[in-house]
Amino acid sequence: MFPNSIRKVCSRDYFYGNPPRVETELGKLEEHQHSPIKKLRNGAEIGDLSGQEVKLLLSFITTQRSRTEAEREDIRSAEEFMRDAVKDDMEHDRYEGSVIWDSDLTEKEMEDTMVDASLLGTHHYIITQGIFGYTGIQDLEAVMLCNVTEREFIISDTPMILDNPRYKPRYGAVPAGIGNRGLQIYCPINPSVLV
């Protein structure tokens, strides 16, 4: 455990590309998603939130899960597969007329550009799914867990915890997806409250 500020742990400039258009738009979305979180931080109960605020809270949860370094690394693990596909496309001139290349780029630089753009585009697509992912978890019952100990909850660069105790006795620790029955999601609201 490394004590640090939440701002330093959970942010990085140009994480979604440069220029930071996606970061800018996600910032605007977070302004809306912050409304229910602020209410909960100020003592409101889940039942005090409007239907729209509940959707915004759930969207925040599913969006944050898609914005992590771990998610990006999962996408990056497909780089070799993507590189092979781009090489094949370039060899067969499948980008002809679709991509205007800077004449100074080498073939390797063009390949790298296409691979990076494809991987980044995949991450953007997954983030979009996260924004609307509230539809996949809106059937879950929400409760607030209040920490009554002196020790604060721990935050990390993956703030949303997905767990599924249903499969642990049979399979051990397994990744939890939002489509699996038995899913439990832990969303920190502040150092002593989780939803």
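Modeller: What follows is a short talk about the helices, their contacts and the cores.
Modeller: This is a predicted model, in which local features need pLDDT of at least 70 and side-chain atom pairs count only at pLDDT 80 or more, while totals for chains, interfaces and linings use all residues. Residues are numbered from 1 along each chain as its sequence is written, and side-chain values use heavy atoms, with hydrogens and water left out.

Biologist: How many helices and strands are in the chain?
Modeller: The chain has 8 helices and 5 strands. Both are DSSP runs numbered from the N terminus: helices are H or I with at least four residues, strands are E with at least two. The order from the N terminus is α-α-α-α-α-α-α-β-β-α-β-β-β.

Biologist: At what angle do α2 and α3 pack?
Modeller: Helix α2 (residues 21–41) and helix α3 (residues 51–66) pack at about 120°, and their axes are 8 Å apart. Axes are lines fitted to C-alpha atoms, for helices over the stretch in contact, and angles run from 0 to 180 degrees between N-to-C directions. That angle makes α2 oblique to α3. Angles under 35 degrees count as roughly parallel, over 145 as roughly antiparallel, 65 to 115 as roughly perpendicular, and the rest as oblique.

Biologist: Which residues of α2 and α3 meet?
Modeller: From α2, they include Leu-26, Pro-36, Ile-37 and Leu-40; from α3, they include Leu-56, Leu-57 and Phe-60. Contact means heavy atoms within 4.5 Å. By class, the contact of α2 with α3 has 7 nonpolar, 6 polar and 3 charged residues. Ala, Val, Leu, Ile, Met, Phe, Trp, Tyr, Cys and Pro count as nonpolar, Asp, Glu, Lys and Arg as charged, and the others, Gly among them, as polar.

Biologist: And α3 with α6, what is the angle there?
Modeller: α3 and helix α6 (residues 107–131) pack at about 160°, with axes 7 Å apart. That makes α3 roughly antiparallel to α6. Ser-59, Thr-62, Thr-63 and Ser-66 of α3 make the contact with His-123, Ile-126, Ile-127, Gly-130 and Ile-131 of α6. These residues divide into 3 nonpolar, 6 polar and no charged.

Biologist: Changing topic: how many residues has the largest nonpolar core?
Modeller: That core has 17 residues, and those with the most contacts inside it are Leu-40, Leu-57, Ile-61, Cys-187, Ile-189 and Val-195. A nonpolar core is a set of buried Ala, Val, Leu, Ile, Met, Phe, Trp, Tyr and Cys residues joined through side-chain atoms within 4.5 Å. Buried means under 20% relative accessible area, exposed over 50%, and partly exposed in between, with a 1.4 Å probe and protein chains only. The largest share of this core, 4 residues, comes from α3.

Biologist: What does Leu-57 touch?
Modeller: Leaving out residues up to four places away in sequence, Leu-57 touches Pro-36, Ile-37, Leu-40, Ile-46, Leu-49 and Val-195. There is also a second, separate core of 10 residues, which includes Ile-75, Met-90, Val-115 and Leu-119.

Biologist: Ile-46 came up. Is Ile-46 buried or exposed?
Modeller: Ile-46 is buried, with a relative accessible area of 18%. Ile-46 lies in the loop between α2 and α3. The C-alpha atoms of Ile-46 and Met-144 are separated by 7.4 Å, although the two are 98 residues apart along the chain.

Biologist: What share of the chain is buried?
Modeller: Buried residues make up 30% of the 195 residues.
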